[in-house]
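Hi everyone, thanks for coming.

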Amino acid sequence: AATRPDTRVLGIAALKGAAFLKDDVSRLLAGRLIMADAWEVLLDYHHGGFAKTTPELLAFMQRMQSCHPLPLDPVYTAKALYAIHDLLQRGYFSAGQRIVMIHTGGLQGVRAMP
């Protein structure tokens, strides 16, 4: 599908050292009608690596769950939502810009939490 000029796709890497994902995505999109600069994989929101957490991430999960009935897990969902929240705080998105979060992982990581 063709990409609208005002549409961007951000991927949030949940694992450390995931720069290879950029090449993987580029290969998967080769020959498709998607603008080369319409997507990005963000590598700085892994919180220590796959299935790892930080006190900051756990505190964010608690704050979000106390305000919203949204199930979060520390492996995928919380990291993605944390990234969006952080990017909003930093002014990454334009005022009035629509943000859609698509979470494709599971909530299995929450079962391992105390």
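**Starting from the core**

Let's begin on the inside. The largest nonpolar core has 13 residues, and of these Tyr 45 and Leu 72 touch the most other members. Which helices each supply at least two residues of this core? They are H2 and helix H3, the latter running over 77-89. H3 gives the most, with 5 residues. As a bit of background, nonpolar side chains in soluble globular proteins tend to be buried together.

Before going on, please keep in mind that this is a predicted model.

Okay, let's step back to the whole chain. We've got 3 helices and 2 strands, and reading from the N terminus the order goes β-α-β-α-α. There are 114 residues in the protein chain, and 28% of them are buried. The accessible surface comes to about 7,900 Å², with 58% of that belonging to carbon and sulfur atoms. Now for the contacts: if you take those with a separation of 6 or more, 70% are between residues 24 or more positions apart.

Next up, the aromatics. How many aromatic pairs does the structure hold? The count is 4. One of them is Phe 60 with Tyr 82: the ring centres are 5.3 Å apart and the planes sit at 85°, so we call the pair edge-to-face. Phe 60 belongs to helix H2 and Tyr 82 to helix H3, so this pair ties together parts that are 22 residues apart in sequence. Are these two buried or exposed? Phe 60 is buried, with a relative accessible area of 1%, and Tyr 82 counts as buried too, at 12%.

Tyr 92 is partly exposed, with 35% relative accessibility, while Phe 93 comes out as buried, at 17%.

Now let me zoom in on a couple of single residues. First, Ile 12. You'll find Ile 12 in strand S1, which covers residues 9-12. Its relative accessibility is 26%, so Ile 12 counts as partly exposed. If we skip its neighbours within four places in sequence, Ile 12 is in contact with Leu 42, Tyr 45, Lys 79, Ala 80 and Ala 83. Ile 12 and Leu 43 are 31 residues apart along the chain, yet their C-alpha atoms are separated by 6.6 Å.

My other pick is His 46. Where is His 46 found? Look in the loop between strand S2 (39-42) and helix H2 (55-67). Although His 46 is in a loop, this residue counts as buried, because its relative accessibility is 17% and the cut-off for buried is under 20%. A polar atom of the His 46 side chain lies 2.9 Å from the backbone nitrogen of Gly 48. Again leaving aside neighbours within four places in sequence, His 46 is in contact with Ala 13, Ala 14, Leu 15, Lys 16, Lys 52 and Lys 79. Lys 79 was on the contact list of Ile 12, too.

Key
Residues numbered from 1 in each chain as written. Predicted model: local features only at pLDDT ≥ 70, side-chain atom pairs only at ≥ 80, totals over all residues. Heavy atoms only, no water. Helix = DSSP H or I, 4+ residues; strand = E, 2+ residues; numbered from the N terminus. Buried < 20%, exposed > 50% of the residue type's maximum accessible area, 1.4 Å probe, protein only. Polar contact = N/O pair within 3.5 Å; in protein donor to acceptor, adjacent residues only side chain to side chain. Contact = heavy atoms within 4.5 Å. Core = buried A, V, L, I, M, F, W, Y, C linked by side-chain atoms within 4.5 Å. Areas by Shrake-Rupley, 256 points an atom, 1.4 Å probe, with all protein chains shown as cover. Phe/Tyr/Trp six-rings, centres within 6.5 Å; stacked < 30°, edge-to-face > 60°.
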